[in-house]
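Dear colleague,

I am passing on a structure that you have not worked with before, and I would be glad if you could look it over alongside the notes below.

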Amino acid sequence: MERLLAGGRTGPEALAELVPIALAATTAGRKQRAAAPSGGPGATAATVAALAPLLTAEGVGAKAALRELTTAFVAGSVDPAEPWCAAHLHCPPLAVAAVADLVTSAVNPSMDSWDQAPIASDLERTLTAEFAALCFPDAPAPDALITSGGTESNQLALLLARELTGSVTPVCGINSHHSVARAAWLLGLPQPIVVDCANERIRPDALRAALAETLGPTLVVATAGTTNAGAIDPLPVIADLARAHNARLHVDAAYGGSLLFSLAHAPLLEGIERADTVALDLHKLGWQPIPAGVLLAANATDFAPLNLSADYLNAEDDLEAGMPDLLGRSLHTSRRADAFRIAVSLRALGRTGLAELIDRCLATAREVAAAVDAHPDLRLWQSPTLTTILLRPVGADDDLVTALRRRLLDTGLAVLGRARITNPDGTDSRWLKLTLLNPVATAADYLPLLDLIADTARTPRAMEVSS
């Protein structure tokens, strides 16, 4: 069994025998923890140590290995499908997407040449064209690429800006994702000029002043859905400023870009269609297994710098014979057909179904935020724009906030995030963060968590710092 392949004529039978074992082990592992494993890093390290060595002389067989490691893996993992697992932009994937991912793994197409991925390449082209048209409805020739997520999309956006202008200086808000500065470092660009924000949103006056002093080609990076608070920069004003200063505009909408699917909430992204490039992640408000990133461009020719010739992958005679060129669709060579599960999910739900999930998450976030605001022992930072809620116990200092988060994580009951927010007086304060990405959870699922946070803050053990 352990030597059977996932593909070929016997592949489906092999999978049919192994998948039930994996599902049973998943159920067993799930019963061993709540939102997360208890005991902190030491507990999971001990579990793995007990399983070592992983590489034995003879092996234990496919069924035994799958059973024991799956049970341990699930028991030792956080579960984003649990409402109280809400620390990060880490969504619970749709079942249909997870099964489609299994199909991709079994067929194993490689997206670097058509002869390795015939229909997968056509599916990806169709999917990316539909995404591009959704974001840039009035652009004559938009396009999009599949990426591994917002970090790669932001890196590509800076790379394209550099290649199209000769050199470029990034200008972004202090609220921007860390990948912007890292991309500048990686590409040998000047470190970004960082402008001030108010309530986690770029201040237009600060951006105007920065652009007035920036010499040479410039790339303005705006954010639609900040990691800290889910805030959306004032995109129409930023687009005006970028145009007035002849700067390119990239919008990191890895978190908030999915609002494009929702007729009710797409207006929050007004101005995004004026960007040159946009990052979007479907493994956030899209319920896809990681990775599922997209980089969209208003002009398909902006992707020309990625073109590359390798005779064994995109020989000229093959291109003349009609085989599509895939090598310029990514910086990767071997690449999974991640577009397949996205395509299956969108085909299954349609725009209406996806919008319903998005709208439900945003509505739940507003309800939970209202409950925090009404709670006598908790303080709300401000009403959420997307699905991120920042809160802290009344009277708590920063040390208590961080200790409380670790205490709840150690118990395995709840996985909360943390955010450092700049106060109006210029000082910083730490907040607990709930990022609500579970479309089937309701506000009622979170009310006991609010009480748990308040109760834990009153308990001396909350001040203990986990090892």
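The model is a predicted one, in which local features need pLDDT of at least 70 and side-chain atom pairs count only at pLDDT 80 or more, while totals for chains, interfaces and linings use all residues. Residues are numbered from 1 along each chain as its sequence is written, and side-chain values use heavy atoms, with hydrogens and water left out.

Helix H13 (residues 398-411) and helix H14 (residues 443-457) pack at an angle of about 120°, their axes being 10 Å apart; helices here are DSSP runs of H or I with at least four residues, and strands are runs of E with at least two. Axes are lines fitted to C-alpha atoms over the stretch in contact, and angles run from 0 to 180 degrees between N-to-C directions. On the H13 side the contact (heavy atoms within 4.5 Å) is made by Leu-400, Leu-404, Arg-407 and Leu-408, and on the H14 side by Leu-452, Ile-453, Thr-456 and Ala-457.

Counting a disulfide as a pair of cysteine sulfur atoms within 2.5 Å, the total is zero. The sulfur of Cys-91 lies 9.4 Å from the closest cysteine sulfur, in Cys-361, which is too far for a bond, and the sulfur of Cys-197 is likewise too far for one, at 8.6 Å from its closest, in Cys-172. Cys-91 is buried, at 5% relative accessible area, whereas Cys-197, at 22%, is partly exposed (buried means under 20%, exposed over 50%, and partly exposed in between, with a 1.4 Å probe and protein chains only).

Finally, Thr-169 belongs to strand E2 (residues 169-173) and is buried, with a relative accessible area of 14%. Leaving aside residues up to four places away in sequence, Thr-169 touches residues including Pro-190, Ile-193 and Leu-219.

Best regards
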